[in-house]
Amino acid sequence: MNVLVTGATGFVGGHLVDRLLSQGDTVTALVRSPQRAKSLTSQGVRLVVGDLANETALAEAVAGQGVIYHAAAMLGARNDQELLVANRDGTARVVAAAEASGDTPHFVLVSSMAAGGPARHGTPKYGNDADRPVTGYGRSKLAAEKVVTASQLSWTIVRPPVVYGPGDRDGMLPLFKFVSHGLAPMFGSGAMEISLVHVVDLADAIAMAGSEPGARGGVFYVNYPEVFTSADLMRTIAAVMGRSVMPLPIPRWATRGVLAITGTWATLARQKSILRPDKIHEFYQEAWTADPEAFMTATGWSPQFDLNTGIADTAAWYRAQRWI
């Protein structure tokens, strides 16, 4: 199968490329920097140089593809408008190029749990719930979903939660570093419920979203079936690393102050940042959880990892890189 991956040099996109190559697909990647994509070239991936605003590059990239995996996204920005331009409008350009190609590719959008918004304690989201994003990023991903669902293409949308695993430089790495120093930071009491997924399991799920007919036309949460608390996560990291840790509850007022400073700095310095003031609406919710049953039923997907084996795999990779 000929497939296109956007965001192939990123954390999730890179693992997705590995998965697609392993199943024999012929992979094209839309990349902004050939230098950064050298490892893709060595794997036999065809590169098309350009970004989501380059209509010529998009037309070349989508031509002849059976599946388009759109994993490129902006996480941090100076304001909500930048997020919309990147995530909504960028998606719209890929969709338009695919519709104009004369082919009939299936479109897989890698969205986010942030598009659906938080859950309630003890009540995971199922995919047919009302969407209530609480950040600019979440609203931009929901807007991208609406572009896809309104298109003439066949489509599948996957909404992963927190993703971790080898290659993750941002999400989990700071937590491992804190634990290595004997600290376990948690927003509030540590009772917030969370869903997680290892990046290898997510890559498997995204690939199956492109190949399994039962997934077509669905918006799916993709994560472990088990629900954890943020305290559970820190205890698991500590156990895997063989460390005793001191809980470090972070009060809302402290987080608000830090985010105000980082957000103001990013605005004044004209720098993109994920640590904007609206992030506080994510950090202190009752739950960020979902039930993956619908996706598992539609595709037969099941995760290879659980929290213990996934955290152990990640810790081993971090140690091999000498990051912890």
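Here is a chat about the sheets and helices of a predicted model.

Trainee: Okay, where do I start? What's the strand order in the open sheet of seven strands?

Mentor: Start with that sheet, then. The order is β3-β2-β1-β4-β5-β6-β11, and the pairing is parallel.

Trainee: Which strands stand at the edges?

Mentor: Those are β3 (46-49) and β11 (219-221). Each has a single partner strand, so one side of each has no neighbour in the sheet.

Trainee: And how much are neighbouring strands turned against each other?

Mentor: By 20° on average, ignoring direction.

Trainee: Can we zoom in on β1 and β2? How many bridges do they pair over?

Mentor: Five bridges, in the parallel sense, between β1 (residues 2-6) and β2 (residues 26-31). For one example, find Thr 6 and look across to Leu 30, its bridge partner in β2.

Trainee: Which strands does helix α1 lie across?

Mentor: Helix α1 (residues 11-22) lies across β1, β2 and β4 (67-70), and runs at about 170° to β1. Further along, α6 lies across β5 (106-110), β6 (154-159) and β11, at about 160° to β6.

Trainee: Let's stay with α6. At what angle do the axes of α4 and α6 cross?

Mentor: Roughly 20°, with the axes of α4 (residues 80-100) and α6 coming within 8 Å. Angles under 35 degrees count as roughly parallel, and therefore α4 and α6 are roughly parallel to each other. The crossing is right-handed.

Trainee: Which residues meet there?

Mentor: Quite a list! On the α4 side they include Leu 83, Leu 84 and Val 95, and on the α6 side they include Tyr 137, Ala 143 and Val 147.

Trainee: What about Thr 135, buried or exposed?

Mentor: Buried, because its relative accessibility is 3% and the cut-off for buried is under 20%. Thr 135 is in the loop between α5 (113-116) and α6 (136-149). A polar atom of its side chain lies 3.1 Å from the backbone nitrogen of Gly 138.

Trainee: New topic: at what angle do α7 and α9 pack?

Mentor: About 60°, with the axes of α7 (residues 173-180) and α9 (residues 230-241) 10 Å apart. That angle makes α7 oblique to α9. The contact includes Phe 176 and Val 179 of α7, plus Leu 233 and Ile 237 of α9.

Trainee: Last one: what's the order in the open sheet of three strands?

Mentor: That one goes β12-β9-β14, with mixed pairing. The edge strands are β12 (228-229) and β14 (287-288), each pairing on one side only. Two bridges join β9 (residues 193-194) to β12, and those two run antiparallel. Look for Glu 193, which stands opposite Thr 229 in β12.

Notes. Residues are numbered from 1 along each chain as its sequence is written. This is a predicted model: local features need pLDDT of at least 70, side-chain atom pairs count only at pLDDT 80 or more; totals for chains, interfaces and linings use all residues. Side-chain values use heavy atoms; hydrogens and water are left out. Two strands pair if DSSP finds at least two bridges between them. Helices (H or I, at least four residues) and strands (E, at least two) are DSSP runs, numbered from the N terminus. Buried means under 20% relative accessible area, exposed over 50%, partly exposed in between (1.4 Å probe, protein chains only). A polar contact is a pair of N or O atoms within 3.5 Å; within protein, one must be able to donate a hydrogen and the other to accept it, and residues adjacent in sequence count only if both atoms are side-chain atoms. Axes are lines fitted to C-alpha atoms, for helices over the stretch in contact, and angles run from 0 to 180 degrees between N-to-C directions. Angles under 35 degrees count as roughly parallel, over 145 as roughly antiparallel, 65 to 115 as roughly perpendicular and the rest as oblique. A crossing is left-handed if the near helix is turned anticlockwise from the far one by less than a right angle, and right-handed if clockwise. Contact means heavy atoms within 4.5 Å.
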